[in-house]
Amino acid sequence: MKASDTVRITHAGYLLQVPDRGVHALTEYVTDDEKLFIVTHMALIEIDPSAWCLRVDGMVRRPCEITLEQILSLPQYEVTSVHECAGSPLTPLEAKRRVGNVVWAGPRLSDVLHACGIEQEASYVWSEGLEWGEFAGIQNQPFVKDLPIEKALAPEVLLAVAMNGRPLRAERGGPVRLVVPGWYGTNSVKWLGRITLAGTRAPGPYTTRFYNDLTPTGSRPVWQIAPECVVVSPANNDSVTSDRQICIEGWAWADAGVIRVEISVDGRQSWAEAELDERRDFGWQHFRFHWTPAAGEHQLSCRCFDAHGAGQPDASARNEIHSVVVSAS
Ligand SMILES: Nc1nc2c(c(=O)[nH]1)N[C@H]1C(S)=C(S)[C@@H](COP(=O)(O)O)O[C@H]1N2
Ligand SMILES: [Mo]
């Protein structure tokens, strides 16, 4: 595909859109397109769908170019999934809470890869967006991400053509984006143009310089979503009536699924278990906790634990514990 013929830049440079009320806007299980954050590093683009195609190359027996018509004629699947930005790659320890929960639809990446004949040595799948531009002083390095082949072949990983029942808008990465449920949004490459199977991780800035977290022993790619939860209601700085019961509610999520949510109403001194819904697909889970405030100011917090027993840090992490302050009178 010749990028210049079919791709039009509609916004040059980094872009971030979030709802005005932040997480307090997220009152519904499925997040509307208008309430879902938008992030791009280098540009927003619009692609002529009739000229679009996906190149599959690298360690495959039959490299090919797939048209949108062919993508749409494959078996289509739906996956409900939490969609969360890992935050700025320049300040990875800051909690940004850019998140939503959406229904993606499209063919499975695995169906396309199997049709191309995966070679034995292929251990990573690289995915590349069709936009170009500048980010953090780096010029003309395509947005390339990578996945270990095991995750790339998992049934939930889609070449999404629709979100919430509508064709993907240009801002969402249409006509086709990769969606990697359970993993941070940065891995879900928009405006997908090329898939390459390889024996190593991808060499570009978005997999080497950015999106690797420091650990005590080295670094770890920003892949699986760590346990996290937010109080949606009451909102921060809300006033409530004292001595009358209210419901503290919100969403909890993790790649491995959340098994327990706890609430503190005394500034994180003591914790009590909230009621928690089961997970559907890779979606977020609703929690609720009934509480009757005495008159005064209260700090309310939520924390959760995933199916592996992992919890959340108190501070200095993208998934640090979320709190709101309310005053009762
Ligand atoms: N091609 C391309 N894909 C991309 C990005 C990008 O800059 N270019 N940003 C990633 C990041 S960091 C996030 S959080 C999600 C945002 O997806 P959304 O804008 O649909 O919410 O897209 C990911 N996919
Ligand atoms: Mo992101």
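**Getting to know a predicted model**

Q: Phe143 first: buried or exposed?
A: Phe143 has 8% relative accessibility, so it counts as buried. Buried means under 20% relative accessible area, exposed over 50% and partly exposed in between, using a 1.4 Å probe and protein chains only.

Q: What kind of model am I looking at?
A: It is a predicted model, where local features need pLDDT of at least 70 and side-chain atom pairs count only at pLDDT 80 or more, while totals for chains, interfaces and linings use all residues. Residues are numbered from 1 along each chain as its sequence is written, chains are lettered from A and ligands numbered from 1 in the order in which they are written, and side-chain values use heavy atoms, leaving out hydrogens and water.

Q: Back to the rings, then. How many aromatic pairs are there?
A: The structure holds nine aromatic pairs. Rings of Phe, Tyr and Trp (its six-membered ring) pair if their centres lie within 6.5 Å; planes under 30 degrees apart are stacked, over 60 edge-to-face and the rest tilted.

Q: Why is the pair of Phe143 and Tyr206 called tilted?
A: The planes of Phe143 and Tyr206 meet at 50 degrees, with the ring centres 4.7 Å apart, so this pair is tilted.

Q: And where do those two sit in the chain?
A: They link distant parts of the chain, 63 residues apart. Phe143 is in the loop between β11 (138–139) and β12 (144–148), and Tyr206 is in the loop between β17 (192–198) and β18 (212–215). Helices (H or I, at least four residues) and strands (E, at least two) are DSSP runs, numbered from the N terminus.

Q: Is Tyr206 buried or exposed?
A: Buried, because its relative accessibility is 2%. Tyr206 also forms an aromatic pair with Phe210, at 5.9 Å centre to centre and 45 degrees between the planes, which makes another tilted pair.

Q: What about Phe210, buried or exposed?
A: Phe210 has 3% relative accessibility, so it counts as buried too.

Q: Which residues does this ring cluster link?
A: Ring pairs link Tyr14, Phe135, Phe143, Tyr206 and Phe210 into the cluster.

Q: Let's switch to the sheet with β17. What's the strand order?
A: The order is β6-β5-β17-β9-β12, an open sheet of five strands with mixed pairing. Two strands pair if DSSP finds at least two bridges between them.

Q: Which strands are at the edges?
A: β6 (64–67) and β12 stand there, and each has a single partner strand, so one side of each has no neighbour in the sheet.

Q: How many bridges join β5 to β17?
A: Four, and β5 and β17 run parallel. As for a particular residue, Arg55 has Arg194 in β17 as its bridge partner.

Q: Now the ligand. Which residues come nearest to it?
A: Phe37, His41, Glu131, Arg177 and Lys190 come nearest to ligand 1, out of 19 residues around it. A residue is near a molecule or strand if one of its heavy atoms lies within 4 Å of it.

Q: How far is the side chain of Arg177 from an oxygen atom of ligand 1?
A: An N or O atom in the Arg177 side chain is 2.7 Å from a ligand 1 oxygen atom. For Arg172, the side-chain N or O atom is 2.9 Å from an oxygen atom of ligand 1. His83 has a polar side-chain atom 2.8 Å from a ligand oxygen.

Q: Where are the cis peptide bonds?
A: One runs from Gly174 to Pro175, with omega near 10 degrees, and another joins Ser233 and Pro234, with omega about 0 degrees. Pro175 is in the loop between β15 (166–167) and β16 (177–179). Pro234 has its place in the loop between β20 (228–233) and β21 (239–240).

Q: How far is Ser50 from Pro175?
A: Their C-alpha atoms are separated by 9.7 Å, though the two residues are 125 residues apart along the chain. Ser50 is in the loop between β4 (43–47) and β5 (53–58), and it counts as exposed because its relative accessibility is 68%.

Q: What's the phi of Trp191?
A: It is positive, about 50 degrees, although Trp191 is not a glycine. Trp191 lies in the loop between β16 and β17 and is buried, with a relative accessible area of 1%.

Q: And what is phi for Arg268?
A: Phi there is near 70 degrees, again a positive value in a residue other than glycine. At 27% relative accessibility, Arg268 counts as partly exposed.

Technical notes. Polar contact = N/O pair within 3.5 Å; in protein donor to acceptor, adjacent residues only side chain to side chain.
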